[in-house]
Amino acid sequence: MTMISDRLLRSLRERVPGMGLTREFYTDADIFALDLERIFYRDWLFVAHSAELPEAGSYLTLQIGAYPIVLTRAADGLIRGFINSCRHRGARVCPDAAGTAARLVCPYHQWTYRLDGRLFAAPQMGSEFDRSRLGLKPVHCEAVAGYVFVCLAEEAPDFGPVRGHLEPYLLPHRLSEARVAFHSTIIEEGNWKLVWENNRECYHCAGNHPELARTYPDTPTITSVTGAADDPRIAEHWRRCESAALASEFKLSADGQMRTARMPLLEPAVSYTMTGRPAVKRALSDSIPRDLNIGALLLFHYPTTWNHFLGDHAISFRVLPLGPTRTELTTKWLVHRDAVEGVDYDVDELTRVWIATNEQDRRIVRENQIGMNCPTYEPGPLSNVTEDGVRQFIDWYCSRLEQRLSPDVLREAS
Ligand code: FES
Ligand SMILES: [Fe+2]
């Protein structure tokens, strides 16, 4: 890896700011492996909602690169994360996407684990067998305001700044008391960074997203990462929301990894529906005044999630890389836990705009990847009017990778 680290470090240092990255960043298997190893295997990653683990015995699974993960909620109420690989001969302990179980039983030879990871039983292993050191391997796991994060690193970065940033914005939405009404998973035939770059600008919205464009403004001060505070319409929106104790101002973390901002929709729209009217009769949170149009609270946390929190529902997106040119995108629609399907909302109406938008973005990303695969591809200039968000993502990615590659190269040189 040191050779590639060295080469990559040089190209990161020589890159031209304000331009896209070179082709290898979107196609090269070695760079993809480094993206996993230095970013996905080291950072805190949003993976699930605590509402998806509603009771003792709930579990859910996911795959992050080479790591199969299982999340559980035990009788003590805590959500924990483990490597989903049996301590006997390594089989996946929970093959299902989600479920409820009193204990986790490996299907291969029935080694049985408690929900806190301890090995409970291992048949026919003899009287000398010591179970105590063969629990499931834990991963760092934190829940904040209904959002569950894991970190696969041996030593995790301090989670305090993530918690401190998110709580004031998210807590009023009471997402830990919500319910996932619908979820969809699609495979994007593009590098994970292309999925993000496409998400970080709305330059393409007017030409590609007719459904979303009915309610979501493509104004750069709303969709980008600069100038929001200078836009009087946004400032007025923040003033109104903050007077109802809703943190709203644009906030970007010092390292550029996480952003929150509450933005107005195209009024009078209050939700991402074809009419702009709420998709759910029951408000998502009982703590937010019903007559206040709170627009959309926007959150991103690189490298796995962007989100929209509305008055009637919330939508989360989870990005997981599958290969140099393949990415999984999972979208979840959250509603008040007591909202009843068919009475308070219609699933088609709730999901129509973002199902259509995701499909349009899937095609955009695929076409983008095909064009970039060509050996003649060279990065073009980014718009300084509409693509500040793309520049910000690329800057974050490059500085993060550079930070995490430098020790290798320095070690090699010494
Ligand atoms: S691999 Fe799990 S019990 Fe054997
Ligand atoms: Fe899009």
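User: In which sense do strand β14 and strand β15 pair, and over how many bridges?

Analyst: Keep in mind that this is a predicted model. As a general idea, strands of a sheet pair through backbone hydrogen bonds, either parallel or antiparallel. Here β14 (residues 296-301) and β15 (residues 305-309) pair in the antiparallel sense, over five bridges. To find your place in that pair, look for Leu 297, which stands opposite Phe 309 in β15.

User: What is the order of the seven strands in the open sheet?

Analyst: Read across: β11-β17-β16-β15-β14-β13-β12, with antiparallel pairing. At the edges sit β11 (178-188) and β12 (251-252), each pairing on one side only.

User: Which strands does helix α5 lie across, and at what angle does it run to β16?

Analyst: Helix α5 (residues 192-199) lies across β11, β15, β16 and β17, and runs at about 150 degrees to β16.

User: Now helix α4. Which of its residues are buried?

Analyst: In α4 (residues 160-170), they're Val 162, His 165, Leu 166, Tyr 169 and Leu 170. Looking down the axis of α4, these buried residues fall within an arc of 105 degrees, so they line one face of the helix. Over on the other side, Gly 160 and Gly 164 are exposed.

User: And what covers the buried residues of α4?

Analyst: The cover includes β9 (138-144) and β10 (147-151), along with β12, β13 (258-263) and β14.

Methods: Residues numbered from 1 in each chain as written. Chains lettered and ligands numbered in written order. Predicted model: local features only at pLDDT ≥ 70, side-chain atom pairs only at ≥ 80, totals over all residues. Pairing = 2+ DSSP bridges. Helix = DSSP H or I, 4+ residues; strand = E, 2+ residues; numbered from the N terminus. Contact = placed C-beta atoms within 7 Å. Axes fitted to C-alpha atoms, helices over the stretch in contact; angles between N-to-C directions. Buried ≥ 20, exposed ≤ 12 C-beta atoms within 10 Å, placed from the backbone. Arc of directions from axis to C-beta.
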